[in-house]
Amino acid sequence: LPAQGGVPLAREPHFADREALAEWQYPSDAQFRRYQFDAVLAALRENVLVSFPTGLGKTLVGAVVMHNFLRWFPRSLVIFIAPTRPLVAQQLDAVVTSVPIARGDACLLTGAMQAPERVSCYACKRALFMTAQTLQNDLFSGICPASRISLLVLDEAHHATGEHAYSVIARRLAALSCNFRTLALSATAGKDVAAGEPL
């Protein structure tokens, strides 16, 4: 589909594949649900919080946005964070089976991995999946090349308040003047818009 309205990112832009930027892709083999399609379209253009009840396809939205950012910004990193290691592993499997992101381009990073191994993942992989605590530690230690992040997907984003690692990460990336898009996913963001404001 044509990329109407462009893909505005603030600050210093990432290297972009201009030909790829002319369109965005949506999986033709997925059951079409208009609300998912609309959520993807919104997330491609601006930072959004997607709040669907459990089982209605938030992960597909994240996967499609990740796929397009990888196409558009081929030297950048897209990072998917979740609160627990089992959930991170589950989401990696769901993403790579939903969209054409090769397993060879994806990496599951854990705090149990030695620093040189994590450095290698940041250098050689493009779709990274980890807990928020792992990303927070790697941002503050300098292991994570923050300036290469073009997209940050936060699963279970209702945790992103106060001093939770999600909030610390967002503040750290902003302080480093990083140019990135945020896609927040939650089944329990609140019953109305006001309830989601703190996120």
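Before we look at anything, one term: a residue is called buried when its relative accessible area is under 20%, and exposed when that value is over 50%. Please also keep in mind that this is a predicted model.

Let's start with helix 4, which runs over residues 85–98 and has 14 residues. From its first C-alpha to its last, the helix reaches 20 Å, close to the 20 Å expected at 1.5 Å a residue. Which residues of helix 4 are buried? They are Leu-87, Val-88, Gln-91, Leu-92, Val-95 and Val-96. These residues cover an arc of only 155° around the axis, so they sit on the same side of helix 4.

The largest nonpolar core has 40 residues, and Met-66, Phe-129 and Leu-183 touch the most other members. Helix 3 gives the largest share of this core, with 9 residues. Have a look at Met-66: leaving aside neighbours within four places in sequence, its contacts include Val-78, Val-95, Phe-129 and Leu-151. Apart from this core lies another one, of 28 residues, with Leu-109, Leu-128, Leu-152 and Ile-169 among them.

Now for some strands. Strand 5, residues 149–154, is mostly covered, with 6 of its 6 residues buried. Strand 2 and strand 5 run parallel and are joined by 5 bridges; here Val-78 has Leu-151 in strand 5 as its bridge partner. Strand 5 also pairs with strand 6 (residues 181–186), again in the parallel sense, over 4 bridges. There, Leu-154 has Ala-184 in strand 6 as its bridge partner.

Last stop: the aromatic rings. The whole structure holds 10 aromatic pairs. One of them is Trp-24 with Phe-37, a tilted pair at 5.3 Å centre to centre and 45° between the planes. Trp-24 lies in the loop between helix 1 (18–21) and helix 2 (34–45), while Phe-37 is in helix 2, 13 residues apart. Trp-24 counts as buried because its relative accessible area is 5%, and Phe-37 is buried too, at 13%. Phe-37 also pairs with Tyr-26, this time edge-to-face, at 5.3 Å centre to centre and 65° between the planes. Tyr-26 belongs to the loop between helix 1 and helix 2, so this pair ties together parts that are 11 residues apart in sequence. Together, Trp-24, Tyr-26, Phe-32 and Phe-37 form one aromatic cluster.

Key. Residues are numbered from 1 along each chain as its sequence is written. This is a predicted model: local features need pLDDT of at least 70, side-chain atom pairs count only at pLDDT 80 or more; totals for chains, interfaces and linings use all residues. Side-chain values use heavy atoms; hydrogens and water are left out. Helices (H or I, at least four residues) and strands (E, at least two) are DSSP runs, numbered from the N terminus. The expected span of a helix is 1.5 Å times one less than its number of residues. Buried means under 20% relative accessible area, exposed over 50%, partly exposed in between (1.4 Å probe, protein chains only). The arc is that of the directions from the helix axis to the C-beta atoms. A nonpolar core is a set of buried Ala, Val, Leu, Ile, Met, Phe, Trp, Tyr and Cys residues joined through side-chain atoms within 4.5 Å. Contact means heavy atoms within 4.5 Å. Two strands pair if DSSP finds at least two bridges between them. Rings of Phe, Tyr and Trp (its six-membered ring) pair if their centres lie within 6.5 Å; planes under 30 degrees apart count as stacked, over 60 as edge-to-face and the rest as tilted.
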